[in-house]
Amino acid sequence: MTKKSNNRIRPFLPLLLLALVTLLTACSKSNRKDGLSASAKDSTLVISMLADADYINPVIGASVTSANITGLIYPTLLQNEFDPETGLLNYVAMEKKLRPSSPKAIGRSPKSALARSWTMAPDHLSITYILRNDAKWDDGHPITSHDFKFAYRMYGNPVIASPRQQALAELVGADRGQVDFDKAIETPDDTTLIFRFFKPVPEYIALAHTSMTPIPEHIWKEVKPQEFRESKLNQKPIGAGTYRLQAWNKQQDLILTSNKSCILPKPGNIKRIMFRVVPDYTVRLGQLQTGDVDVVENIKPEDFVSLTKTNSSIDVKAIGLKVYDYVGWMNIDQDYFHKTGKFRPHPLFGSAAVRLALTHAIDRQAIIDGFLGDYGVLCNTDISPSLKWAYDDTIKPHAFDQSLAVKLLEKEGWLPGADGIRQKNGKRFSFTLYSNAGNPRRNYACVVIQQNLKEIGIDCKIEFQESNVFFENLHNRKIDAWMAGWSIGLEIDPMDVWGSDLEKSRFNFPGYINPRIDQLCNLAKSKMRPEEARSYWIEYQKILHNDQPITFLYWIKETQGFNKRIQGAELNIAGTFYNIDDWTLKPSPRVAP
Amino acid sequence: MVKYILKRLLIAVPLIFGVLTLTFFIIRLAPGDPAAFFIQPGISPKVAEQIRAQYGLNDPLPVQYVKWLGNVLHGDFGRSFSRAQQPVLEVIAESLPVTMTIAILTLIANFAFGIVIGVISAVRQNTFLDRFLTVTALFFYSMPEFWFALMMIILFALKFPLFPVSGLNEVGAENYGTFGFVLDRIWHLALPVTVLSINGAAGIARYVRGSMLEVIRQDYIRTARAKGLSERAVILKHALRNALLPVVTLMGSSLPFIFSGALFIEVIFAFPGMGRVTVEAIFARDYPLIIANTFVSGALIVLGNLLSDVLYAVVDPRIKL
């Protein structure tokens, strides 16, 4: 019996192996040579993404990827237009613009907007939109004002927990804790949509907050709020945008096809867009080199040379400046604050002069030169040079000057101790600088900072923590010094980060308290046009520059790898996929007979 | 034997529950917040609170545990926090086949290569070939898998583009037809399975070599040779069968290793399998998914051990269960 079975198996094994090997080589050959994948590729744009989209639903989608995809599938009330000249965002309806487009602004077709026009009430307490009447959802139902009102109810429903509910903060009733939708949003007919506010709202904010993406009421009205997130409808979104969802293989890829019936403004140029999940950076880079993917975001500067050398059809596009890194110094004695709720200066970093000394002691340019090269810019405050309408270009960056730093420290009473570390009243200037693990740029910067501080007699240890742990410690104001970063929004609204009420301003991690900053933020917000607030922002920047609540290090240009077959891509800080509707693909020479 | 298996399975139930309970408390006591993503400027402070309420994280820990226990006893492992509220069993149903395919292919390749190399180095003991195979095996055995995987990608996907860098299928593979689709899948699996199995095969080869050397010195082998049997028959029929006894038991216990290896491989090659799901779930503090994954891998380890014990009894009549 055993003999028999043994005899039966034995001749099979080598055969099986042989078969496997032939299969492998055969299929690698067939895929290399025949034009099947090549022709499919010519009509398919492949974008790599770090992680899968969460919800293809404008109400609950939270990740940037989701927002990018949602933007292609769903229609918008207004078209956004970014003006690189001023750094201002313009809002465009079919027949109206908030302000005339500057010649440098990359215009997008106003026909993609669902609104024909709008009227802001003179008292700024309401805004009325007139919608176009010919737009339809993909299933043929007309898009009406009721879809907007319905969507806003979903945005505001606490059970649904939309991450965008902040946009409803000015609607009638929001001041009393609950938006009164019947009064706040009126739909007298299918093409008229009125939003009412409880306080006067500047037009540009009203436009931003009332132009959230609608969802089709007739599809979603049967779904209970507690089942909104679980609903299978999230897997097959009904939109009206330039693309439709064709297939979504969770955690692998997501394929969009050009929406042939789209009139907002027209079907997408590229036939298919595939978003491919590639979690590992090295592999994403490899796929860009082999041409398997066309777009890889956030390429590290150190990889540029090898990338463009190995494949001349790759282009690196830089956008910025939106992201900065900083070293945070705890301004207040946090233990005392946690115990008593009262403030007293932090024993090391409580004095503005000490913080200024630390900034002077850190060679920020060396970090830029060593890691970011041309893709880093010295940072003075958190107002980006890209927001030209508010940026103060007269501020001179604090120079790298260690003798000045020493002078400042000694004036503050920090004198060298026996062990070479500065001391004041018996307290050594020694602390731990925390950051999140797995970020080579911050890793590099931390080491430079440690070295710089050692040179002036300050003992700085470095500790990297897992991101979740690090950010929890940061939020609970548990650490004295840290290195982190912020990505700024297109609207300047720093109250969350610098407001004096530490309960409300949850992101004021250092506990920086300056009532003038609160005043300036509120004054700026009260202006009906953002440009009118320029003088407040200038003062704001001067104060931050002098007080150094944190040491602003550098702005980082985000660098995106593009295959050169993509044509017409215009990137700006409003997004990598800002005008993806207008991109085209150059056919590969391989397919030509 | 059936009684033995049933007994082992019964013991496994409280064991796995213990593991799950421990996991339940450990992940909740660990720092980090599943709603942390929603704590950022521009997002209303209410959102994180609402999300936590949705996940049932505002209840006291014992209440959460009792609720969770009730659900799990009904077979409901809950919905994933980080994967758009997908039921976790659905997430696992999608990812387990991927990992199983890799694991089974790896297991086959492991043993096929391991046994062949082991037998050759035992038969040709102390020759140049043996030394070469030994050194090569040790070289691969001591190499970290993730690094090896990256090197393989650089070599066979970038320098000599024979295999794809990542993914389970080509763009547009749906249109290849079933046969083409499977071929494409195998083509994509070639590199990762090679990486995983070379490491394992090297280990198994050492085992086979050792056990084969022991067997070859036995009296009955000398008898077989004295009978005038061909060397081939002596080695493959008489020696190998006995030499494989200890190796067979490795089959069960190597499953957990293959699974943990698949973890790196899946992240590097971007396969949507269990390993990647687990890693991402841990970073996102996706409690239900972490627990369900622990359940699956715990069950697999218990079953793997049981399998190796049973296999031992099957191949060696001297052992009675």
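**Close-up views of a two-chain predicted model**

**View 1. Helix 8 of chain B is hardly covered.** None of the eight residues of this helix, 219-226, counts as buried (buried means 20 or more other C-beta atoms, placed from the backbone, within 10 Å of a residue's own; exposed means 12 or fewer, and partly exposed is in between). Helices here are DSSP runs of H or I with at least four residues, strands are E runs of at least two, and both are numbered from the N terminus. Just past the end of helix 8 of chain B, look for Gly228(B), with its positive phi of about 95°. A quick note before moving on: this is a predicted model, where local features need pLDDT of at least 70 and side-chain atom pairs count only at pLDDT 80 or more, while totals for chains, interfaces and linings use all residues. Residues are numbered from 1 along each chain as its sequence is written, and chains are lettered from A and ligands numbered from 1 in the order in which they are written.

**View 2. Helix 8 of chain B meets helix 9 of chain B.** The two axes come within 10 Å and cross at roughly 145° (axes are lines fitted to C-alpha atoms over the stretch in contact, with angles from 0 to 180 degrees between N-to-C directions). From helix 8 of chain B, the contact uses Tyr220(B), Ile221(B), Ala224(B) and Arg225(B), and from helix 9 of chain B it uses Val234(B), His238(B) and Ala239(B). Two residues are in contact when their C-beta atoms, placed from the backbone, lie within 7 Å. Sorted by class, that's five nonpolar, one polar and one charged. Nonpolar covers Ala, Val, Leu, Ile, Met, Phe, Trp, Tyr, Cys and Pro; charged covers Asp, Glu, Lys and Arg; the others, Gly among them, are polar.

**View 3. Strand 5 of chain A has two faces.**

**View 4. Strand 5 of chain A pairs with strand 4 and strand 7 of chain A.** Pairing takes at least two bridges found by DSSP. Strand 4 of chain A (115-120) runs antiparallel to strand 5 of chain A, joined by five bridges. These two form a hairpin with five residues between them, and His124(A) in the turn has a positive phi of about 60°. Strand 7 of chain A (192-196) also pairs with strand 5 of chain A in the antiparallel sense, over five bridges. Find Ile130(A): its bridge partners include Ser117(A) and, in strand 7 of chain A, Thr192(A).

**View 5. The largest nonpolar core has 161 residues.** A core is a set of buried Ala, Val, Leu, Ile, Met, Phe, Trp, Tyr and Cys residues joined through C-beta atoms within 7 Å. Ala115(A), Ala151(A), Ile102(B) and Ile265(B) touch the most other members. Helix 7 of chain B (177-216) gives the most to this core, with 17 residues. Leaving out residues up to four places away in sequence, Ile265(B) touches Ile102(B), Glu145(B), Ala149(B), Pro192(B), Val195(B) and Leu196(B).

**View 6. Chain A touches chain B.** Here 47 residues of chain A are in contact with 46 residues of chain B. Helix 9 of chain A gives the most to chain A's side, with six residues. That side holds 19 nonpolar, 17 polar and 11 charged residues.
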